[in-house]
Amino acid sequence: KIEGEPPGAHHIRIKNSEIANGLSPTKASGRIGILGGANSEFINLDIHNNYYGIYTHGPVLLQGSKIHDNAGYGLHFFDEGGGVNNNTIVGNLIYNNNLGPLIRPQDIGVGAIISSGTNNTFYNNITYGNRGGLQIDYSVSNTQVYNNTFYNNNVGGDGYCMYIGSGANSTTVRNNICWQHPTPILNQGSETVQSNNLETQDPLF
């Protein structure tokens, strides 16, 4: 757990590491918790078999990592007070998350959620086999989602590639592949820009 508002912990780098087996049978705990830790970098990690994979408000760089087989959300970018700004999520494998066992009903979610802030970027990621793909909602704006592949995020869940909720404003979704989802991109946000997304056509992997 990394925490501390300024002038607390900041500019931390964790690289080439495994973070695993933090799952408790009785508590909704066990994850990388980054509450504070501004301008930190998490590169080439293997994060698995925890309750959540990462829970943070950042800003952080998450790059080149595998986030998988966590009971709840793989990535949870959220803070009740807002300020989840300027995070970059790039080149990761996000799979088999949110399949349980879950301690609390409110922890039912998706592979990744981005919320509560502005100017977050999600690109060049591969997301598959989760309860749902990517959720963007809850007081979030100017999120950029591009050049990602979402495949079969329909394991016991909502079955969508991407959900842009009513709490999302000015989301840009470009050049993404969504394959084998009952609902490819569900957009309920305002001022959403979508272009060049492959939602129903077989990408011929």
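**Note on the disulfide, aromatic pairs and nonpolar cores**

1. Cys161 and Cys178 are both buried. The model is a predicted one. These two cysteines form a disulfide, with 2.0 Å between their sulfur atoms. A search of the whole structure finds one disulfide. The link is left-handed, at -45 degrees about the S-S bond. It ties distant parts of the chain: Cys161 sits in strand β18 (residues 160–164) and Cys178 in strand β21 (residues 177–179), 17 residues apart.

2. Next, the aromatic pairs. The structure holds eight of them. One is Tyr95 with Tyr128: the ring centres are 5.0 Å apart and the planes are at 0 degrees, so this pair is stacked. Here too distant parts of the chain are linked, since Tyr95 lies in strand β10 (residues 93–95) and Tyr128 in strand β13 (residues 126–128), 33 residues apart.

3. Tyr128 has a relative accessible area of 29%; buried requires under 20% and exposed over 50%, so Tyr128 is partly exposed.

4. Tyr160 and Tyr163 make another pair. Their ring centres are 5.7 Å apart.

5. Tyr51, Tyr52, Tyr55 and Tyr73 form one aromatic cluster. Two of its members, Tyr52 and Tyr73, return in point 8.

6. The largest nonpolar core has 27 residues. Which members touch the most others? They are Leu75, Phe122, Leu134 and Met162.

7. Leu134 deserves a look. Its neighbours within four places in sequence are left aside here. Leu134 is in contact with Ala112, Ile114, Phe122, Val145 and Phe150, among others. The list also includes Tyr160, Cys161, Met162 and Tyr163.

8. Another core lies apart from the largest one. It has nine residues, among them Tyr52, Tyr73, Val110 and Tyr163. Tyr52 and Tyr73 also belong to the aromatic cluster. Tyr163 is in contact with Leu134, yet it is listed in this other core.

Technical notes:
Residues are numbered from 1 along each chain as its sequence is written. This is a predicted model: local features need pLDDT of at least 70, side-chain atom pairs count only at pLDDT 80 or more; totals for chains, interfaces and linings use all residues. Side-chain values use heavy atoms; hydrogens and water are left out. A disulfide is a pair of cysteine sulfur atoms within 2.5 Å. Helices (H or I, at least four residues) and strands (E, at least two) are DSSP runs, numbered from the N terminus. Buried means under 20% relative accessible area, exposed over 50%, partly exposed in between (1.4 Å probe, protein chains only). Rings of Phe, Tyr and Trp (its six-membered ring) pair if their centres lie within 6.5 Å; planes under 30 degrees apart count as stacked, over 60 as edge-to-face and the rest as tilted. A nonpolar core is a set of buried Ala, Val, Leu, Ile, Met, Phe, Trp, Tyr and Cys residues joined through side-chain atoms within 4.5 Å. Contact means heavy atoms within 4.5 Å.
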